Structure formats: C-alpha cells, structure tokens
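This briefing presents one protein chain to a reader who is new to structural description. Please look at the sequence and the model first, and then read the points below.

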Amino acid sequence: MSHPHATRTPPLTIVPNPQPDWGQARSQRLVLRTPRAQWAASATSICSPDGFWAPECLRVDDGATWRSTGEVWRYLHSVSFQLFEGEKLLDLTPENVEASPEHVTYHYTVSSGGKLSVAYTLVRSPLDDSSTLCVNFLPDTPSGDWQVHVKPNLDMRPIEGLADPARHRVNPVDAQHLTVVNRNHWLGFGISRPVEFVPGREQRDVSFLLGTGDRLLRDGEVYFVPAHSRIFSPGIWRASLSAPLRIHVHTGSREDALLSSLDEVAPHLEEWFRLQETRYQNFASGLAVRDPRLHNRIYVMAEKLWVKVGEQLVPDTNPSGIRRPHIRATLEGILHNGQTLLRLNEHERIEQIVRRCAELQDPRTGRFPSHWPEKHASPEGKSKPNPLPAEFYDTGDLGPLLFTVLDEFPLPFAQPDTHSLLWGAFKGMVNGFKAARTTNRLSGPVLLENGLILSVAHDSWMDGKRTVFAERLTITDLPTRCPQTWHVQDAAQFKDSHYTWEQYQYPTFFLPELNALWLRALKFGLTLAKQAEEKDWVEELAQIEKTALSSYKPVFWNSHAQFLYNIVTLDRRVDGT
C-alpha cells in the first residue's frame with residue numbers, strides 16, 4: 001500500500017513533544033478507528049533496550065484491539081523495528097508524525113542518510129465490515145543496502161483481562177504468513193513479499209504511564225496510576241527495503257478462515273484504503289469551512305465516533321470506545337456534539353438510540369442499563385419482565401441524562417409511537433424514583449419531598465473506587481467521589497471495615513450534576529405529559545419541578561467558596577472540593 005503523500009486536505013503534522021508533567025497526561029495520542037477495531041498510540045516513538053523502535057503505548061488499551069462476538073480483545077501491543085545497513089545497526093531519530101482520520105505516519109531520519117517512514121492504516125472491508133491493520137515501511141529512496149528487522153509484540157487477551165503470554169501458540173505458516181492463537185482467538189500476519197522469519201519466544205514487561213485513566217493524589221499533585229503488563233514476541237522478520245514492505249494484520253476464530261481472509265483481503269487493501277481516502281476528501285470538500293482541522297473534527301464525528309454494538313452503530317466518547325460501550329458515553333456523545341450530528345442529518349439514528357434506551361428500561365425499577373447489550377439483546381426481550389440481567393442496571397443517572405439530551409435537542413421523530421414510548425419510559429423512571437428507599441442497598445435514585453433525588457455516591461460519571469488503609473483496617477471499593485478523609489474518619493469511628501464500607505452502599509447522597517440532569521429531565525417530562533394530555537401527571541411534574549428548583553441552591557451552594565459542593569449527604573455532611 002502506497003503512502004498517501006498528497007491529499008487535498010493536508011494531514012496534520014505533529015512534532016512529538018513529550019510532556020513529563022502530570023505523568024505524561026498531556027502527551028499527544030493518536031487513534032485510528034473503524035466500527036469494529038481500533039489502533040492507538042502516542043505521537044512519541046521510543047526505543048526499547050534491545051534497540052527496536054515503536055510508537056509508545058501510554059494506556060492499557062493502546063495498540064490494536066478488535067471487537068467480535070460481543071467481546072473486545074487487545075491483540076497487538078506494537079510492531080517494533082530496527083534498521084540495518086549490511087551488518088551495521090543504524091541510528092534513527094524520530095522527526096515528525098503526519099496524521100489524518102485515515103492514516104498515521106511516523107517519519108524517522110536515518111544516521112547514514114535518508115529517511116524512513118512507517119505508516120499505519122486501519123482498512124475497513126466494504127464486504128463484511130471487518131478491519132485490517134496495515135503497517136507500511138516506506139524508505140524515501142528504496143535501497144538494497146537497507147534491511148529492516150520487524151518484531152511484532154503481542155498481548156492477546158480480553159481488554160480488561162490479564163496478560164498470559166505463556167499460552168500464546170505460534171505457527172510460522174510460510175515466508176509470508178504467521179498465526180498466533182490464545183484461547184481460540186487467532187491473530188494473523190500477512191506480508192507483501194516473502195521474508196525470512198527468525199523464531200523466538202521473548203517475553204518483556206511493559207509499563208503504561210496513563211494506565212486505565214485512574215488518578216491518584218500524591219504530595220499535593222494529581223497523577224495517573226500507571227499499569228503494567230507482559231508482552232510476547234514470537235520472533236523477528238528480516239526483509240530488504242529495496243522496495244516498500246507491508247505487513248497486514250487480521251483476526252479470526254479459526255486458523256483456516258483467518259489465512260483465507262489474509263489472502264483474500266491482500267489484493268484489495270490499496271483499493272479499499274483509497275475508497276476511505278476518497279470518502280474523506282469528498283466529505284471535506286462538501287463542507288463550507290476552510291480550516292482542515294475542522295474538516296477532520298466533523299469527519300471524525302460523522303464517521304469515526306460510532307462503534308458497532310451488535311448490528312447497531314452508537315456514538316461513543318470513551319477514549320477507549322472499542323471496549324464495551326457504555327450508554328452514558330453514547331448519550332454524552334450526543335449531548336456534546338448534538339448540533340453537528342443534527343446538521344449531519346443523524347436525526348433518525350439518534351431516534352433509534354433513544355428508542356433502544358427506552359426499550360431496555362427495567363420495568364421494575366425504572367432504571368436504564370449502564371452499557372449496551374450485545375449477547376443478551378433480542379427483540380423479544382422487550383416483553384420480558386426484565387429485558388436484561390440485573391448486573392446491567394447498576395447506575396441511576398442514565399434516565400435523567402437521556403431526557404436531558406432530548407430536552408437539549410428536540411427531534412422531529414420519524415416513528416409515530418416514539419413520543420408514547422418515551423413518555424412511558426419517563427413515567428417508569430419517576431415511579432421508580434418514588435418507590436426507591438434510602439434503606440435499600442444499592443437502590444436507584446430516591447425522590448424526596450424537596451423535589452431532589454438522592455443516590456449512591458458513585459451513581460454518576462465519577463464512579464471510581466479506592467482502597468483505604470486506616471485504623472489497621474483495609475477497606476476496599478470505597479467511592480472516590482467522597483473525600484478520603486471521610487473514609488478515614490468513618491474507619492476511626494466504626495472500627496470495622498465492613499461496616500465502614502456499608503455506609504457507602506445506600507442512596508443517601510446528593511450529587512449536584514445528577515440533580516441538574518434531573519431538573520432538565522423534569523422539563524422534558526412535563527412537555528411529554530402535556531402532549532399526552534395526562535392532566536394529573538402535568539400537575540404532579542409541575543409541582544416537583546417547582547419544588548426542586550427552589551431546593552437546588554440551598555442544598556448545593558457553598559456560600560463561603562462561591563461554588564457548588566462536590567457532594568452532600570442526607571445528614572448534611574458536605575465536601576467543599
């Protein structure tokens with residue numbers, strides 16, 4: 001595959017500039033995405049102790065991940081390489097990176113003169129929606145004197161699982177194919193021409209400076225919690241760079257089918273990539289804006305923000321959206337990009353998403369699932385007492401968020417029963433809030449007489465947990481939303497780890513953002529009630545809204561600091577963070 005040197009919309013040129021403060025949190029990260037696959041890495045290239053270069057992986061889900069059969073696996077950590085001239089190892093200097101929504105190219109200056117480019121593309125098949133990662137080694141002046149040694153570094157595991165490199169089984173099929181299997185998940189490599197393969201079974205520990213995105217406070221500074229894993233290399237390919245070299249990577253559930261796929265896609269990768277580039281350029285040329293960065297942003301929102309869940313495309317704002325997509329991230333994606341999505345004529349797709357949310361509501365509690373189902377979702381599920389397993393309904397903020405989105409972006413619904421479907425879902429949510437009790441462990445939000453809702457402390461986007469060591473006790477799974485001083489004080493008071501933990505499992509917390517969403521949801525619910533001409537509901541919702549509006553500031557306003565409290569308990573314990 002040739003490198004897209006010239007495009008009508010120029011790629012963004014990035015000069016790698018590592019930012020060591022905040023634990024590399026501000027380092028630039030690049031992502032290529034299709035609905036079923038993702039490749040991500042830092043703009044910074046690093047050289048390993050054994051002399052191999054590759055883009056740095058900062059997060060545990062960087063590298064290449066694929067989604068299939070309801071699972072997301074991380075397959076590939078990196079494709080590292082070193083360059084030789086005869087027997088001499090050449091020094092490389094990272095120069096810059098060119099990036100567009102369809103390709104990322106790293107440029108290196110070679111110590112003996114000349115340059116080498118390594119281009120990454122994620123090519124989507126128009127036939128079956130599968131995705132192939134291509135890594136292209138492109139010398140500026142092809143020379144028979146240059147030889148590249150390529151080492152694939154594997155990490156084949158569920159995205160949230162642990163590394164197990166000892167279980168990787170390698171099959172160097174021939175001079176152009178190699179397969180690796182772990183737990184019936186197959187990864188295959190195809191090479192554009194025959195090369196020499198030197199087998200080996202190297203294992204190496206790696207660190208991810210940004211980890212999973214969790215943070216900690218140390219010496220008054222906020223840091224990302226690093227994570228660690230062990231990667232596996234099956235050997236090294238050696239090839240002359242007298243011509244460009246392409247390695248393409250595919251996944252499968254059986255080796256024979258995987259090898260067939262590698263051979264079937266190989267002749268079409270150039271063509272399919274050009275189709276993607278043409279689509280990108282045509283999209284940009286149709287926009288009445290001049291800034292190519294804005295072209296890219298709008299194109300990414302239209303084409304790359306979506307991930308495949310079952311057979312449905314949903315927008316996802318997670319930096320690791322190829323994971324199990326959460327409904328909160330989908331709704332936040334619509335909320336913060338709604339104007340552009342509507343101008344891109346995504347009305348019907350958004351309507352499908354909000355309808356699916358309503359269909360998946362738990363009729364007993366009025367709660368909505370936290371993440372999109374894949375294996376469990378089925379049309380007949382809507383008629384069951386509970387359409388999904390109980391573990392899907394582990395948060396209470398999705399309903400207020402859903403109706404906030406609808407209040408922010410009123411849609412011209414295409415299906416005539418959408419209003420009634422949403423109205424039924426809204427009534428189910430309110431009735432669930434009214435029926436919930438503060439004495440029920442891990443209950444959904446509880447509606448109080450002051451019009452506001454109580455919830456568990458982690459019932460929002462900030463749902464992390466921490467472990468606290470205090471009073472010779474170890475207490476796990478405590479909500480990071482609450483200050484750690486509360487946990488320490490409670491441990492000192494109760495002298496019991498389980499009882500301390502128990503205090504945070506009940507809906508006895510006021511969250512300012514959850515109640516703000518609740519106020520917006522009430523506004524939209526009142527509109528639905530009027531459209532349904534249900535007078536009793538109109539009167540009840542109007543009274544709840546009026547009471548909640550008058551209660552919000554007295555509960556949350558920190559008059560000393562002149563901003564809102566982070567969290568307030570039912571007995572008026574407040575956090576002024």
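Accessible areas come from the Shrake-Rupley method with a 1.4 Å probe, and for residues only the protein chains shown count as cover. On this basis the protein chain exposes about 25700 Å², of which carbon and sulfur atoms supply 51%. The model is predicted: local features need pLDDT of at least 70, side-chain atom pairs count only at pLDDT 80 or more, and totals for chains, interfaces and linings use all residues. Residues are numbered from 1 along each chain as its sequence is written, and side-chain values use heavy atoms, with hydrogens and water left out.

**Overall form**

- The protein chain has eleven helices and 32 strands; helices (H or I, at least four residues) and strands (E, at least two) are DSSP runs, numbered from the N terminus.
- The radius of gyration is 27 Å, close to the 25 Å that the globule rule gives for 577 residues, so the protein chain is as compact as a globular protein of that length.
- That radius is taken over C-alpha atoms, and the globule rule is 2.2 Å times the number of residues to the power 0.38.
- Along its principal axes, the C-alpha trace spans about 80 × 60 × 45 Å.

**Burial and contacts**

- Of the 577 residues, 54% count as buried; buried means under 20% relative accessible area, exposed over 50%, and partly exposed in between (1.4 Å probe, protein chains only).
- Among contacts (heavy atoms within 4.5 Å) with a separation of 6 or more, 64% are accounted for by residues 24 or more positions apart.
- S455 lies in the loop between β25 (453-454) and β26 (465-470), and counts as buried at 0% relative accessibility.
- Leaving aside residues up to four places away in sequence, S455 touches Y506, P507, T508, F509, L511 and L514.

**Charges and salt bridges**

- The mean positions of the 61 positive and 68 negative charges are 2 Å apart.
- In this count Lys and Arg are positive and Asp and Glu negative, while His and the chain ends are not counted; the place of a charge is taken as NZ of Lys, CZ of Arg, CG of Asp or CD of Glu.
- A salt bridge is a side-chain nitrogen of Lys or Arg within 4 Å of a carboxyl oxygen of Asp or Glu, and by this rule the count comes to 30.
- D129 forms a salt bridge with R124, their closest N and O atoms being 2.6 Å apart; D129 is buried at 14% relative accessibility, and R124 is partly exposed at 33%.
- K151 and E202 also meet in a salt bridge (2.8 Å, N to O).
- This pair links distant parts of the chain, since K151 is in strand β13 (residues 146-158) and E202 in strand β17 (residues 196-208), 51 residues apart.
- K151 is buried at 4% relative accessibility, whereas E202 is partly exposed at 28%.
- R356 and E359 form a salt bridge (3.4 Å, N to O); because these residues are three apart in helix α5 (residues 347-359), about one helical turn separates them.
- Both partners count as buried, R356 at 16% relative accessibility and E359 at 18%.
- Salt bridges that share partners join R29, R59, D61 and D62 into one network.

**Positive phi angles**

- N345, although not a glycine, has a positive phi of about 60 degrees; N345 is in the loop between α4 (327-343) and α5 and is exposed at 62% relative accessibility.
- Q562, likewise not a glycine, has a positive phi of about 65 degrees; Q562 is in the loop between β29 (557-558) and β30 (563-564) and is exposed at 51%.
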